[in-house]
Amino acid sequence: CAVEALDVSANAAGDRGIEALARALARNSSLTELHVGGNGASDRARWELGLACLRNGASAVAYASDDRFALLPGTTALHLSGAGLTGADMPLLCAAVRRNDTLTHLDLSFNALGDEGAAAAAAARYVGTLPY
């Protein structure tokens with residue numbers, strides 16, 4: 001059985017649960033949808049989760065959500081201006097954007113993405129391919 005969608009939102013998974021999920025996703029190639037918001041995970045744990053998807057070249061995650069964003073099936077424009085995004089949000093978002101084939105507009109203005117966020121975007125090889 002290959003799981004294609006996983007919603008573990010609002011389960012109080014905390015850092016340990018999100019880090020365990022990251023280890024599992026590092027080898028997963030069937031999951032296309034992942035929702036992890038409301039788990040009380042630290043920025044570090046959320047960063048590791050996103051990196052697991054981003055580093056896994058076989059990752060199929062194209063739709064994802066956490067506490068600050070939701071890239072859902074059918075989304076063509078994602079307006080996240082001033083959404084409070086940080087560098088910790090970027091790996092998961094970039095991993096999903098990399099595999100997503102419906103998104104044509106992404107607005108990340110007025111967020112504190114920092115060097116970590118820029119590095120995640122560069123790692124996704126998606127910088128400059130969406131209209132701003």
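1. Gly-40 counts as exposed, at 65% relative accessibility. In this predicted model, Gly-40 belongs to the loop that runs between E2 and H2. Gly-40 and Gly-14 stand 26 residues apart in sequence, yet their C-alpha atoms are 5.0 Å apart in space. Gly-40 is also among the residues that line the largest cavity.

2. The largest cavity holds about 50 Å³ of space. Its lining includes the run Val-36, Gly-37, Gly-38, Asn-39, Gly-40 and Ala-41. Ile-18, Arg-46, Asp-66 and Asp-67 also take part in this lining. By class, the lining has three nonpolar, four polar and three charged residues.

3. How many cavities of 30 Å³ or more are found? The count comes to two cavities. The second largest cavity has a volume of about 30 Å³, and its lining consists of Val-36, Arg-46, Leu-49, Gly-50, Asp-66, Ala-88, Asp-89 and Leu-92. Which helix gives the most to this lining? H2 does, with three residues. By class, the lining of the second largest cavity has four nonpolar, one polar and three charged residues.

4. Helix H2 covers residues 43–55, a stretch of 13 residues. From its first C-alpha to its last it reaches 18 Å, close to the 18 Å expected at 1.5 Å a residue. The buried residues of H2 are Ala-45, Arg-46, Trp-47, Leu-49, Gly-50, Leu-51, Ala-52, Cys-53 and Leu-54.

5. Asp-89 is a charged residue whose setting deserves attention. The residue is found in the loop between strand E5 (77–79) and helix H3 (90–99). Is Asp-89 buried or exposed? Asp-89 counts as buried because its relative accessibility is 0%, under the 20% limit for that class. The C-alpha atoms of Asp-89 and Leu-113 are separated by 8.3 Å, although the two residues are 24 residues apart along the chain.

6. Helix H3 is largely enclosed by the rest of the structure, because eight of its ten residues are buried. Those buried in H3 are Met-90, Pro-91, Leu-92, Leu-93, Cys-94, Ala-95, Ala-96 and Val-97.

7. How many disulfides does a search of the whole structure find? The search finds zero. The sulfur of Cys-53 has its closest cysteine sulfur in Cys-94, at 12 Å, and this is too far for a bond, since a disulfide requires the two sulfur atoms to be within 2.5 Å.

8. E1 pairs with strand E2 (residues 33–35) in the parallel sense, over three bridges. Asp-7 has His-35, in E2, as its bridge partner.

9. Two backbone positions call for a closer look. Most residues other than glycine have a negative phi. Ala-12, however, is not a glycine and has a positive phi of about 55 degrees. Ala-12 is located in the loop between E1 and helix H1 (14–25), and with 67% relative accessibility it counts as exposed. Phe-110 likewise has a positive phi, near 55 degrees, in a residue other than glycine. Phe-110 sits in the loop between strand E6 (105–107) and helix H4 (114–123), and its relative accessible area of 74% makes it exposed.

Technical notes
Residues are numbered from 1 along each chain as its sequence is written. This is a predicted model: local features need pLDDT of at least 70, side-chain atom pairs count only at pLDDT 80 or more; totals for chains, interfaces and linings use all residues. Side-chain values use heavy atoms; hydrogens and water are left out. Helices (H or I, at least four residues) and strands (E, at least two) are DSSP runs, numbered from the N terminus. The expected span of a helix is 1.5 Å times one less than its number of residues. Buried means under 20% relative accessible area, exposed over 50%, partly exposed in between (1.4 Å probe, protein chains only). Two strands pair if DSSP finds at least two bridges between them. On a 1 Å grid over the protein atoms alone, a cavity is a set of points where a 1.4 Å probe fits but cannot get out, and a pocket is an open set with protein on both sides within 12 Å along at least five of seven lines; lining residues have an atom within 4 Å of a point. Grid points are joined across faces, edges and corners, and a volume is the space filled by probe spheres set on the points.
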